[in-house]
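Open the model in your viewer and keep the selection panel at hand. Each stop below says what to select next and what is there.

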Amino acid sequence: MFERLYHMLVKEFIQVLRNPRMRAVLFVMPVAQIIIIGYAVNTDVRHVPMAVYDLDRTPATRDLIARFEGSGCFDVVRRITSEPGIQKVLDSGEAKAVLRLNRGFAEALSGGGTAQAQFLLDGSDSNTASVALTYAARISGDFNRSLLEQRFARSAGVRLDAEPVTLATRAWFNANLDSRNYFVPGVLAMLVAVLSIILSSMSIVREREVGTMEQIMVTPIGRLEFILGKTIPFAVIGFADVALIALITVFWFKVPMLGFPPVLFLGTGLYLLSTLGVGLFISTVSSTQQQAMMTAFFFMLPAFMLSGFVYPIANMPKVVQLLTYLNPLRYYLVIIRGVFLKGLGLEVLWPQMLALTALGTLMLLLAAGRFRKTMG
Amino acid sequence: MNAAPGRFAVTLRDLERRFGDFVAVNRISLDVRQGEIFGFLGPNGAGKSTTIRMLCGLLEPSGGQGTVAGLDIRTQREEIKRSIGYMSQKFSLYDDLTVEENIDFFSGIYRVSKEKKAERKTWVLDMAHLQEHRRTLTGLLPGGWKQRLSLGCALLHEPRVLFLDEPTSGVDPLSRRSFWDLIYQLAGEGVTVFVTTHYMEEAEYCDRLGLIYRGELVALGTPGEMKGGLMTDQVLRVSCDRSHEALGVAATVDGVRDAALFGRDIHLMTEDAEALAPRLRQALEAAGFQVGAVERITPSLEDVFVSLIEARDRADGAQKEFKA
């Protein structure tokens with residue numbers, strides 16, 4: 001058993017590592033991708049370009065505009081001077097929001113009445129729009145409070161400084177609510193999935209295509225020896241890549257690593273079990289490499305969408321949520337984010353580990369069962 | 001099984017393989033003695049490779065029985081794989097491994113013992129004349145060299161039965177010749193060689209031949225027997241000018257079963273060569289051809305096979321024509 005397995009492994013490692021293009025795919029590409037994608041995955045809304053249509057031009061309007069600018073959330077990119085200008089900047093995308101202040105704004109305020117301000121938003125990007133709206137509401141709320149304080153002080157001679165209720169917020173695990181900390185570990189999980197699934201899905205079918213499979217099948221090699229020989233090298237390479245990408249995540253992107261790295265490595269091992277299992281299964285059912293590649297892509301796209309990488313699983317319809325239980329990526333994302341950001345250990349993550357073990361074993365057995373040493 | 005497996009390397013009884021409705025191998029029975037070079041001949045698609053794959057445990061038979069090296073081809077497939085060598089028409093070693101790495105891989109998979117490994121490796125490298133190229137990537141070797149290496153890798157574990165599926169297709173004549181020298185050497189050492197081919201001159205090298213056509217075993221015997229007894233037709237050789245055009249005329253002469261070009265000559269199959277010869281000369285000269293020699297010849301193996309296959313086609317009738 002071990003002698004044959006040993007020779008399978010030697011052969012597989014030579015084949016994988018001898019080809020310079022393959023080496024680049026295995027070790028350069030993931031590094032380049034984590035760096036590029038790491039900068040791109042960021043859903044933080046800052047510096048929303050904004051235009052201002054100020055018809056009043058009074059200290060009061062200037063104060064409000066200054067508050068928008070000073071918040072860091074908005075950048076005033078243009079001052080509009082005519083009505084059609086509003087349409088123009090929103091259409092062209094030059095600004096995502098327009099603040100319109102009508103004539104009589106300051107007058108209404110000084111008279112103790114209510115002044116109207118219009119805030120127009122480009123809602124096509126609903127996520128950015130809703131975040132921007134929250135910022136705008138907070139800015140106008142602050143503006144109101146300071147106005148009220150002034151009025152009280154003026155009319156009653158009393159300084160009003162205490163609010164009835166104050167909400168003291170503090171975000172745990174990701175104190176600055178930095179979305180990159182949340183997404184970069186997810187990118188790691190995705191890169192490992194792409195690499196391991198594509199490589200393993202090509203591995204058996206390649207031998208079938210070039211004809212070496214026939215020669216292998218007339219030898220006394222066992223099914224398990226062959227399947228393990230195909231799995232272990234990619235698992236080792238997968239580990240190496242995770243280590244490499246994790247180092248970049250921690251030292252380049254400064255994503256905190258609060259947990260115990262061996263927990264992450266255990267999770268990675270179990271995760272690779274299922275991704276390689278899926279890949280090998282695809283390889284055993286495909287008759288050409290092209291077919292295997294297509295099938296792998298058809299698996300990966302829904303696997304990413306339904307993993308909780310971007311779209312929260314809790315927001316999905318019940319049926320779709322049930323489907324996600326079959327997705328190894330779902331469990332690994334919980335593990336990897338838990339270890340990186342929350343410092344979680346096995347006492348919390350064991351259900352995910354268990355699920356990955358079950359999925360991985362099932363997929364590998366399925367692949368081994370599908371693999372026959374006969375043709376036709 | 002009525003044949004004693006000890007004396008025979010391969011025994012087949014009514015071996016059958018169907019793919020859906022298509023019968024690829026139709027109830028074939030034959031025995032191959034130990035140390036024999038058995039040639040399995042037939043046109044493409046006749047069922048040669050299907051048969052050999054069943055013998056090597058690559059394909060399950062749909063019916064019938066068989067043994068290879070005394071082991072049952074239905075129930076002892078993995079045991080068979082330990083005691084046979086197999087080499088197919090398609091080069092099937094790893095192009096991206098060096099010569100030496102391929103040898104090491106296969107001797108590892110066949111579990112050649114530690115003491116023997118080095119010796120077998122040297123044997124393969126010497127046999128294939130690849131000593132200086134041991135560190136060359138296998139993919140860079142010319143066809144004939146690859147073929148020898150393939151054979152060497154199939155022989156690392158010293159199998160008692162060797163299966164060769166069109167081993168010399170796509171190899172130049174010189175390499176083919178030296179390849180056959182190796183086969184003789186192996187047979188001399190007691191290895192049974194079961195080889196498929198469609199090269200007639202290769203068929204002549206075999207101890208015994210089986211002709212398979214449309215999945216059926218049409219003839220079985222030594223090359224001598226085939227040329228002597230098996231053919232009911234006689235062969236008439238005609239040399240004349242513009243033989244290509246003359247072929248059409250000759251084919252229509254009464255008493256001619258079949259006519260084919262052999263180089264510049266025409267070979268005619270007939271029941272009675274003596275009677276046909278004068279009539280043929282007359283017909284051709286009347287059509288304006290210059291006729292040289294017209295003589296009865298000993299049929300070549302190719303004549304025999306063409307004649308046997310034609311006879312089978314006539315027997316089957318024309319309705320099956322498309323099915324080959």
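**Before you select.** This is a predicted model: local features need pLDDT of at least 70, side-chain atom pairs count only at pLDDT 80 or more, and totals for chains, interfaces and linings use all residues. Residues are numbered from 1 along each chain as its sequence is written, while chains are lettered from A and ligands numbered from 1 in the order in which they are written.

**Whole complex.** The predictor assigns an ipTM of 0.80 and a pTM of 0.79.

**Chain A, domains.** Select 2-42 + 180-370 for domain 1 and 48-156 for domain 2. These bounds come from an automatic or database domain assignment. The C-alpha centres of the two domains are 49 Å apart.

Select strand 1 (48-54) and strand 2 (74-79) of chain A; they pair in the parallel sense over 5 bridges. Helices (H or I, at least four residues) and strands (E, at least two) are DSSP runs, numbered from the N terminus. Two strands pair if DSSP finds at least two bridges between them. Met50(A) stands opposite Val76(A).

**The A–B contact.** Chain A gives 21 residues and chain B gives 24. Contact means C-beta atoms, placed from the backbone, within 7 Å. On the chain A side, select helix 1 (2-18) and helix 8 (212-217), the elements that give two or more residues. Helix 1 of chain A gives the most, with 8 residues.

**Chain B, strand 6.** Select residues 84-87. Which residues point one way from strand 6 of chain B? Ile84(B) and Tyr86(B) do, Gly85(B) and Met87(B) point the other way, and all are buried. Buried means 20 or more other C-beta atoms within 10 Å of the residue's own, with C-beta atoms placed from the backbone. Leu162(B) is the bridge partner of Gly85(B).

**Chain B, confidence.** Colour by pLDDT, the predictor's confidence in each residue, from 0 to 100. The mean for chain B is 87, and 95% of its residues reach 70 or more. Finish at residues 319-324 of chain B, where pLDDT stays under 50. Where pLDDT is low, the predicted coordinates should not be read in detail.

Note on methods: Contact = placed C-beta atoms within 7 Å. Buried ≥ 20, exposed ≤ 12 C-beta atoms within 10 Å, placed from the backbone.
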